[in-house]
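Hi,

Here is the structure I promised to pass on.

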Amino acid sequence: MKYILNESQANDISKQLIKMSDNVGYYETLRGFKLPLSAAKIFLKPKNGNNFSCQELTEIMFYYIFQTKDIPEILKVDEIEITNEEYNGDGFHWNTSIINRSEVVETTYGYAQPFLCSSRRSMIISFRFEYYTCDFWRTHSGGKLSRRGDWQEPDDDYIEEDEFHLEFTYDMSDIEFKTLDQVISWYLNEYPKIVKMSAKEYFKKAKSYNEKHS
């Protein structure tokens with residue numbers, strides 16, 4: 001059975017969601033209502049009536065990426081594969097692994113989390129790249145990939161976190177999200193491009209570091 005709501009009824013539901021989220025946050029609100037993503041796109045509105053805040057988006061996206069898995073955790077752009085995973089700890093944090101599937105495969109692990117609130121309450125992507133491996137697979141003639149060895153082995157190019165890592169932020173303060181559709185579209189299409197650009201820079205610096213200290 002389908003129900004048709006008029007604009008006034010839809011606005012009332014949106015206000016109820018905002019009121020509850022003021023007490024327990026958006027994540028617990030969504031978990032309590034078990035609101036489908038299709039409904040969330042209609043009823044979730046920015047609390048300020050204009051655009052979503054970093055805290056609102058942190059909780060909303062965390063719920064639909066990791067709790068319901070309606071939004072994918074794995075994203076790909078060209079030769080870069082990005083895998084976001086729920087962090088096993090307090091708060092709405094996630095870890096990120098990145099694989100660069102070029103002629104020589106490189107990998108890194110850390111985090112590349114968007115929608116976070118900076119100390120100034122502006123929206124950012126927070127990056128930290130660590131645990132670098134290079135040449136995990138080597139390309140041979142005929143296009144076949146052959147395993148070179150586990151990263152634990154001493155002949156692999158592997159860099160521990162305490163040896164070399166890179167962390168920085170990407171300013172999102174000039175991006176305004178007025179609807180959940182806009183948020184999801186940005187996450188699926190623009191976020192991977194930014195991560196790719198940042199990861200490429202990390203791989204370049206990590207490789208240079210490895211060559212100097214090998």
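Below is what I found, going from the whole chain to single pairs of residues.

A word on the basis: this is a predicted model, where local features need pLDDT of at least 70 and side-chain atom pairs count only at pLDDT 80 or more, while totals for chains, interfaces and linings use all residues. Numbering starts from 1 along each chain as its sequence is written, and side-chain values use heavy atoms, with hydrogens and water left out.

The protein chain has 5 helices and 8 strands (DSSP runs numbered from the N terminus: H or I of at least four residues for helices, E of at least two for strands). Along the sequence they come in the pattern α-α-α-β-β-β-β-β-β-β-β-α-α. Of the 214 residues, 43% count as buried (under 20% relative accessible area; exposed is over 50%, partly exposed in between, with a 1.4 Å probe and protein chains only). The accessible surface comes to about 12400 Å², and 48% of that belongs to carbon and sulfur atoms (Shrake-Rupley method, 1.4 Å probe; for residues, only the protein chains shown count as cover).

Helix 4 (residues 180–189) packs on helix 5 (residues 191–213) at an angle of about 35°, with the axes 4 Å apart (lines fitted to C-alpha atoms over the stretch in contact, angles running from 0 to 180 degrees between N-to-C directions). Helix 4 brings Trp-186, Tyr-187, Leu-188 and Asn-189 to the contact, and helix 5 brings Tyr-191, Pro-192, Lys-193 and Ile-194 (contact means heavy atoms within 4.5 Å).

Then the salt bridges: the count comes to 12 (a side-chain nitrogen of Lys or Arg within 4 Å of a carboxyl oxygen of Asp or Glu). One of them pairs Lys-41 with Asp-181 at 3.6 Å, N to O. Lys-41 lies in helix 2 (residues 37–43) and Asp-181 in helix 4, so this pair ties together parts 140 residues apart in sequence. Lys-41 is partly exposed at 34% relative accessibility, and Asp-181 is partly exposed at 43%.

Glu-81 forms another with Arg-101, the closest N and O atoms being 3.7 Å apart. Glu-81 sits in strand 2 (residues 80–86), and Arg-101 in the loop between strand 3 (94–100) and strand 4 (104–117). Glu-81 counts as buried at 15% relative accessibility, whereas Arg-101 is partly exposed at 47%.

Best wishes
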